[in-house]
Structures are given as structure tokens and as C-alpha cells.
Amino acid sequence: MTEIDAYTAFAEVYDQMMDQIPYQDWCTFVTGLLRSFGINGGLLLELGCGTGTLTEMFSAEGYDMIGVDHSEAMLAEALRKRDASGRNILYLEQDMRAFELYGTVAAAVSLCDSMNYLTEYSDLVQVLRLVNNYLDPGGIFIFDCKTAHYFRKTADQVYADADGECREGTFSYIWEEEFDERRQENNTWLTLYLPEKSGLYRRYDEEHIQKVWEIPVIRKAAEEAGMTFVEAMDRSRGEVTDGTDRIYVILREKGKEKADE
């Protein structure tokens, strides 16, 4: 058995295991929000870009993309997509809690519950502070978060499959979920059996921990980071309720003065 960090071996089969995610719908939804703020192009930062599926889609919508992710393995998959598409996307292997850019960007996004992986309040504030620093004056940050309602629905469940397809053949996995109400954290244990060129299988084990961030806490963190809290909504752009699975948060850069036009 090989113990590894999250999104290492998982990266090789991530796209296959997540093929049910409506990425194009997410892209359309988020680009619609960006355009409602007058952001129709320019530099767009994606934090937690993973294998670059959404990054490619945002690029196709006319944005100049910068993708940041902490996982070398996930970025390797993103680079394969970039090589295939020929798109001009800059990928940076960096921790979102300490990322650095060469200048400011018009907007930033973080989707697929990447922000849930920040398990400490101080880390949430730090990320927002960095985003605020690298946004153009009045720039927008849009991110999503899974809710406690979502995690409660998947708690204490086990998923398994033995017919997944990857580059070297067929892979198997076991996926277990547990939600800690007291800590408001969800633990996922993923066991993968990946084929090797020799024909043998190697076992990998990953643990993923995600934190629930309630809207009042996000608002407080945004204010502490120097950002303006604009809005929180559900997928329909409606009000967030106790039955909402995923919230979308919009923050605005505060602190820089716009240049005279």
C-alpha cells in the first residue's frame, strides 16, 4: 500500500470519475456572472484549476487564463489538455494560500469546491487577502462551496466501481464519506487500484478533508481580508436556503483606486 497526498494518484483518473459534472453549465453560469459585472475578457485567474477542464472552457470564452493548483499531478493532466487544444494558458504550481502572480487580473474564480479544502479560518482570510491584492481595482472574485446540507446527504455512504477506464487499462476504486457535525468537516477516503505497464495493480490511499463555510463566516473573512462582500446565491441565482447544496459567493476588490480614464 502506498500512502500519498490528495490529488496525486487521483489525478490520473479524476476526469473519468468526474465525468458526470456539468462543467459547461458551470462555465456558462460563471461567465454570465462575470459579464454582468462588465468583465467580458482580460486576465482571469482560476484557483484550484485541477486538470484544467474549466480553464480550457473559460479560455474558449475569450478570457486569458492563469490556472493555479498545488498538485503537480493534476497540472500534468491540464498540460496534456493544453497541448491538445493549443490554447495559450499559463499554469502555475502553487499553494493558493501563498500564490504569486506577475501582476493583477480582471477577475478570479475558484470552483469545484476548492475553497472547501481550506480547513482553517486563517487560511480562508489569507486566500481572500491575496486575491484582493491581485485583482484589478473593483475586480470580482467568484467561488463556490459545498454546504453542510450537501455533505449530510452523502455521509456514511460507500461507493465502489471496478470498471473505470484509464491510460493503462481498467482501474477500481472505493470511496467512503463521513461528515463530522461538530467540526463541520467532511472526510473522504479514496482507495484506488491503478494498473501499471507490467500488468500488475498498485494500491493508493488518499484522504480528502473539506470544511463547511457558512455565509456569515465568509462575509466576516472577506471584510477581514479587505474585500467587499457582494452577494451569495444558489445555482438559480436565488436565495440560499437550508436545502441548498452549493453556494456561489461574489466578492469585490477593495482598496485600489481606479486609474483615470
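Predicted model: local features only at pLDDT ≥ 70, side-chain atom pairs only at ≥ 80, totals over all residues.

Reader: How many helices and strands does the protein have?

Author: The protein has 7 helices and 12 strands. Its C-alpha atoms fill a box of roughly 65 × 45 × 30 Å along the principal axes.

Reader: What does the radius of gyration say about the protein?

Author: A compact globule of 261 residues would have a radius of gyration near 18 Å, and the protein has 19 Å, which agrees. Of the contacts with a separation of 6 or more, 66% are between residues 24 or more positions apart.

Reader: What share of the residues is buried?

Author: Buried residues make up 50% of the 261. The protein exposes about 12,700 Å², and carbon and sulfur atoms supply 45% of that area.

Reader: Now the charges. How many salt bridges does the structure hold?

Author: A salt bridge is called when a side-chain nitrogen of Lys or Arg is within 4 Å of a carboxyl oxygen of Asp or Glu. The structure holds 13 salt bridges. One of them joins the side chains of Asp245 and Lys153, at 2.8 Å from N to O. Asp245 sits in the loop between β11 and β12, and Lys153 in helix α6, so the pair ties together parts that are 92 residues apart in sequence.

Reader: Which residue does Arg183 meet in a salt bridge?

Author: Arg183 meets Glu185, with 3.3 Å from N to O. Arg183 is partly exposed at 40% relative accessibility, whereas Glu185 is buried at 8%. Arg203 forms a salt bridge with Asp205, the closest N and O atoms being 3.0 Å apart. Here Arg203 is partly exposed at 33% and Asp205 is buried at 12%.

Reader: Which residues are linked in a network of salt bridges?

Author: Asp113, Asp144, Lys146 and Arg246 are linked in such a network.

Reader: What is the nearest side chain of opposite charge to Glu206?

Author: That side chain is Arg203, 12 Å away. Glu206 is buried yet has no salt bridge. Glu206 lies in strand β10, residues 201-211.

Reader: With which side chain does Glu206 make a polar contact?

Author: The side chain of Glu206 makes a polar contact with the side chain of His208, at 3.0 Å.

Notes
Residues numbered from 1 in each chain as written. Heavy atoms only, no water. Helix = DSSP H or I, 4+ residues; strand = E, 2+ residues; numbered from the N terminus. Buried < 20%, exposed > 50% of the residue type's maximum accessible area, 1.4 Å probe, protein only. Lys, Arg positive; Asp, Glu negative; His and termini not counted. Polar contact = N/O pair within 3.5 Å; in protein donor to acceptor, adjacent residues only side chain to side chain. Rg over C-alpha atoms; globule rule 2.2 N^0.38 Å. Contact = heavy atoms within 4.5 Å. Areas by Shrake-Rupley, 256 points an atom, 1.4 Å probe, with all protein chains shown as cover.
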